[in-house]
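Welcome! Please take a moment to look through the sequence and turn the model around before reading on.

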Amino acid sequence: MEHETEFNQKHRETDIISWFEGVAEDAAAVQRLTLRQILELNYGVEYLKKWLEDIKIQEILDENALESIYASLVPLSSHADLEPFTQRIADGDTTPLITQQPITNLSLSSGTTEGRQKLVPFNHHSSQTTLQIFKLAAAYRSRIYPTREGGKILEFIYSSKQCKTKGGVIAGTATTHYYASDEFKIKQQQTKSFTCSPEEVISSGDYRQSTYCHLLLGLYFSHEVEFVTSTFAYSIVQAFRSFEEMWKELCHDIREGSLSSIINITRVRKAVLGVTQPNPELASRIENVCEELERADWFSIVPRLWPNAKYIYSIMTGSMQPYLTKLRHYAGELPLVSADYGSTESWIGVNVDPKSPPEKVTFAVIPTFSYFEFIPLYRQKSNYNYQNGNVNSANDDFIEGDPVPLSQVKIGQQYEIVLTTFTGLYRYRLGDVVEVASFYKKTPKLNFIFRRKLILTVNIDKNTEKDLQLVVERASQILSKARRTELIDFTSHANVTKQPGHYVIYWEIKGETNERVLDECCREMDASFVDHGYVVSRRTKSIGPLELCIVERGTFKKILEYYIGNGAALSQFKTPRCTSNQVLLKILNACTIKRFHSTAYG
């Protein structure tokens, strides 16, 4: 019977991989068909009438012609173009504004990129593609890291509260909508892997209580856990930092079959206590391991406490990369597998090479999910005039070519992604910069580079999130030479309130280090920015010395709490790497305990 179950699982995995290989092999034709399906489904909606009112989609039989007509008549759009329509939907307008089917849910983006949350349409297609990509990714992972059917997942997942807008539309984060959907339950059944925590824990609305219960139940089922996961690497690091402080209380609860008084939500207490019972033997075993781990600064905590775990799985690209050092510390020899590539607006690509290290991971575009276009981006030298002080705006970071369909992208070229979706986005600029690394069959494999809007600029300088990460990484290597001293988190701000403007980088560190080391870190960051505009501006003193601000422990938790208090879910939270948000700056400046100014340019 067990052999038959294993056979069925392998058959399901082969089926979904065969499906994807089929659409990837014929990606160009599948993309044209996807565009036709979207336009036929939403023919006559208010947004498209302006551009396509006289075009009878059904009568255009040539798919190539439809693709070029669409690209020539419908302009590129941004969230500013979509916002009036999502606002009308939120206010109760049920006429076909962007889709023929009514939009019953609106997703809130994390708000960490632009400082405010955006409303993005979410429908049944959104849940279906989420289920599809989760099943596909699980099939590719199980080829390399087979898991036991019926095993458990230690899953640090969090729903935020759903609310109703003035017009009765359900609003919440995309992850919240998904965890509340039938597809989430189907995913567990079809992948034969079950999360340790019941729904009451996931949807508690209090991330501290959810984290405690995730850890407690993860330990309780420690020998059944097949892998550890969360949406973002940040949440896993956050959970194990919490574990370092609360392991004794967790052991007490396992020994007694009790539940800490910090869990004060009745339905959560009832759900957790309904699963657990006293287990003194397990508690003693965990205590012994934790005493050893504490002396080793918690190195290799995951395989020590979850001996059957095969890997750690989450989004590890972009703004998550700075957490990889700590995640590897917790993982020991356990592989880190990067999760798939998507956004609140649409899923984009699947990781078909689970063995790839997160720094080198690429994502094969799934051509049925949305219609994708790509704006070629070409680097340009800053155009500046010292006498007149002419400055390019931050939007002039690239010279842009004309958008091309998926079938025309070239290896080695960087692009900004443009989406046309089943949820009513038309030629929507996502703002993600990607590079085509190779092809999987005939669909491109993308390397995520950075978010285009996240940029540090004072004068003629333009430094991206990636540039910032690289300089922080170099300086943090100096910091890590001091025993048990590490960088916990960081953000930055381009301060132009006084002339000359300058970069301010905020660090939260764990452990003690002397001021000479921090001075050196500050100087190293300033000297490591290689952007030509920055180097020239620093030499001519039109940008002032970089400032390193050390903030007190817990500062970045206050930032997390600010976002969660404004409706974000921990599952979607990303520390903003560059901010001009006045509330965040107020928190950061109030918590600054030391300041250093660079001497890199004399």
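Does Cys578 count as buried or exposed? Its relative accessibility is 18%, and the cut-off for buried is under 20%, so Cys578 counts as buried. Keep in mind as you read that this is a predicted model. Here is a short tour, topic by topic.

**The whole protein**

- The protein has 20 helices and 24 strands.
- Of its 602 residues, 57% count as buried.
- Take the contacts between residues at least 6 apart in sequence: 73% of these join residues at least 24 apart.

**Cysteines**

- Cys591 is buried too, with a relative accessible area of 5%.
- A disulfide is a covalent bond between the sulfur atoms of two cysteines.
- A search of the whole structure turns up zero disulfides.

**Helix H11**

- Helix H11 runs over residues 233-256, which makes 24 residues.
- At 1.5 Å a residue, H11 should span 34 Å, and its end C-alpha atoms are 32 Å apart, which agrees.
- Follow H11 along and you will find a bend of about 70° at Met246.
- Because 18 of its 24 residues are buried, H11 is largely enclosed by the rest of the structure.
- Just after H11 comes Gly257, which has a positive phi of about 70°.

**The largest nonpolar core**

- In soluble globular proteins, nonpolar side chains tend to be buried together.
- Here, the largest nonpolar core has 96 residues, and the members that touch the most others are Phe20, Phe240, Phe243, Leu305 and Ile312.
- H11 supplies the largest share of this core, with twelve residues.
- Which residues does Phe20 contact, leaving aside its neighbours within four places in sequence? They are Leu136, Tyr140, Val350, Val352, Ala364, Val365, Ile366, Pro367, Tyr440 and Thr443.

- In helix H20, residues 582-590, the buried residues are Leu584, Leu585, Ile587 and Leu588.
- What covers the buried residues of H20 includes helix H19 (555-565) and the strands S21 (486-495), S22 (502-510), S23 (547-551) and S24 (592-597).

**Backbone details in the loops**

- Most residues other than glycine have a negative phi, and most peptide bonds are trans.
- Where does Asp297 sit? Asp297 is in the loop between helix H13 (280-295) and helix H14 (301-305).
- The phi of Asp297 is positive, near 55°, in a residue other than glycine.
- With a relative accessible area of 17%, Asp297 is buried.
- Lys441 also has a positive phi near 55°, and Lys441 belongs to the loop between strand S17 (428-440) and strand S18 (443-451).
- At 41% relative accessibility, Lys441 counts as partly exposed.
- The peptide bond from Gln499 to Pro500 is cis, with omega near -5°.
- You can find Pro500 in the loop between S21 and S22.

Key: Residues are numbered from 1 along each chain as its sequence is written. This is a predicted model: local features need pLDDT of at least 70, side-chain atom pairs count only at pLDDT 80 or more; totals for chains, interfaces and linings use all residues. Side-chain values use heavy atoms; hydrogens and water are left out. Helices (H or I, at least four residues) and strands (E, at least two) are DSSP runs, numbered from the N terminus. The expected span of a helix is 1.5 Å times one less than its number of residues. The bend at a residue is the angle between axes fitted to the seven residues ending there and the seven starting there. Buried means under 20% relative accessible area, exposed over 50%, partly exposed in between (1.4 Å probe, protein chains only). A disulfide is a pair of cysteine sulfur atoms within 2.5 Å. A nonpolar core is a set of buried Ala, Val, Leu, Ile, Met, Phe, Trp, Tyr and Cys residues joined through side-chain atoms within 4.5 Å. Contact means heavy atoms within 4.5 Å.
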